[in-house]
Amino acid sequence: MPAEITTNLEVSRQTVNIDVESIAPVRQFGPDSYDVANSTITANVNVPSDDTYRLVLAMETEQDTSAFVRCVSATDDDFDTIANFKRIPKGQVSILKPVLEKAGIPLEADLQAQLEREASKYKVADIDLPAGQHVLRIHASQKLTPVDATNKRYQFTIYAPQLSLAPTGNVRLGVTVVFPMDFTATIDAPIVEALPGQPQVGTDAQTDSTVGIQRALGWAFHADPKITIAYTYA
C-alpha cells in the first residue's frame, strides 16, 4: 500500500460527465435539504510501472453516497476489481499536504488543524495498475449541502483532470454538466480558473445549451482547469 497520494500519473485524455439531482425542493428546503451531483470520470493514463497507486478524489461523498475506481482496460480477470474511495484516517492527514498545494489552497500557520479540517473533503483509493496505457473509470456521487441559511443555494467544484493526474503536453479534457428537467434554480456563470503553476486555461470550446429539455453546460480544454458551479433556487 503506498504511503503517499499519487499526484503525477500522466493523463492524455479525460472526460467528466455530471448530472445533478434536484432533491432540495422535494424536502421543501428544510434543514436536511441537499442535492446530489453524480459523476462519471474516464481517464486515459500512462502508467510507468506495475504498482499500487493511491488516487485522491476531491469530493465530499457523505452517507448514502459513494465513489469507486476501476481499470476498464485491464484483463478480463481484473475488470471486475474495483477500489473504493475511503476517508483519510485522522492519523494520516499529512498525506494531503501536496494535494492542497496542487489545488491552490493556501497552507495555514496551524497546518495540522487545517489538514484535519480539509481531510473530510477528500477520499483516497488504492488501485493496482499494470504498466502501459490504460483507461480508468471513476463513479462518484457527491452530496451537495446548502451554502447559505435559506437552504436554497448550492455549489460544487470540478477538477479536470483529477488531482492525482498530471496532463501531458497534448492533453484533451472534456467536461459536461446536465441539470434536471424543470430545474427552477438560477445558475451562476461558471468560474473557470487555472490551477497554481499551470498555464492559463486553454478553452477549445464552451457551450450552454439544452439536451432534450435539460440545460447542459460543456467545455473542451487543453490545459488544467478548475470549474466552480453555483446555483440558487427561486
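The charged end of Lys 152 sits over the ring of Phe 29, 5.1 Å from the ring centre. A charge counts as over a ring if NZ of Lys or CZ of Arg is within 6 Å of the ring centre and within 35 degrees of the ring normal. Lys 143 likewise lies over the face of Tyr 34, at 4.8 Å from the ring centre. The model is predicted: local features need pLDDT of at least 70, side-chain atom pairs count only at pLDDT 80 or more, and totals for chains, interfaces and linings use all residues. Residues are numbered from 1 along each chain as its sequence is written, and side-chain values use heavy atoms, with hydrogens and water left out.

The structure holds 8 aromatic pairs. Rings of Phe, Tyr and Trp (its six-membered ring) pair if their centres lie within 6.5 Å; planes under 30 degrees apart count as stacked, over 60 as edge-to-face and the rest as tilted. One of these pairs, Phe 29 with Tyr 233, is tilted, at 5.2 Å centre to centre and 55° between the planes. Phe 29 lies in the loop between β1 (9-21) and β2 (35-47) and Tyr 233 in strand β15 (residues 225-233), so the pair ties together parts that are 204 residues apart in sequence. Helices (H or I, at least four residues) and strands (E, at least two) are DSSP runs, numbered from the N terminus.

Tyr 233 forms an edge-to-face pair with Tyr 231, at 5.8 Å centre to centre and 85° between the planes. Tyr 231 is buried, with a relative accessible area of 0%, and Tyr 233 is buried at 4%. Phe 29 is buried too. Buried means under 20% relative accessible area, exposed over 50%, partly exposed in between (1.4 Å probe, protein chains only). One aromatic cluster takes in Phe 29, Tyr 154, Phe 179, Phe 183, Tyr 231 and Tyr 233.

Two strands pair if DSSP finds at least two bridges between them.

Strand β8 (residues 132-144) pairs with β2 in the antiparallel sense over 13 bridges. Strand β4 (residues 67-71) also runs antiparallel to β8, joined by 5 bridges. His 139 in β8 stands opposite Thr 40 and opposite Phe 68.
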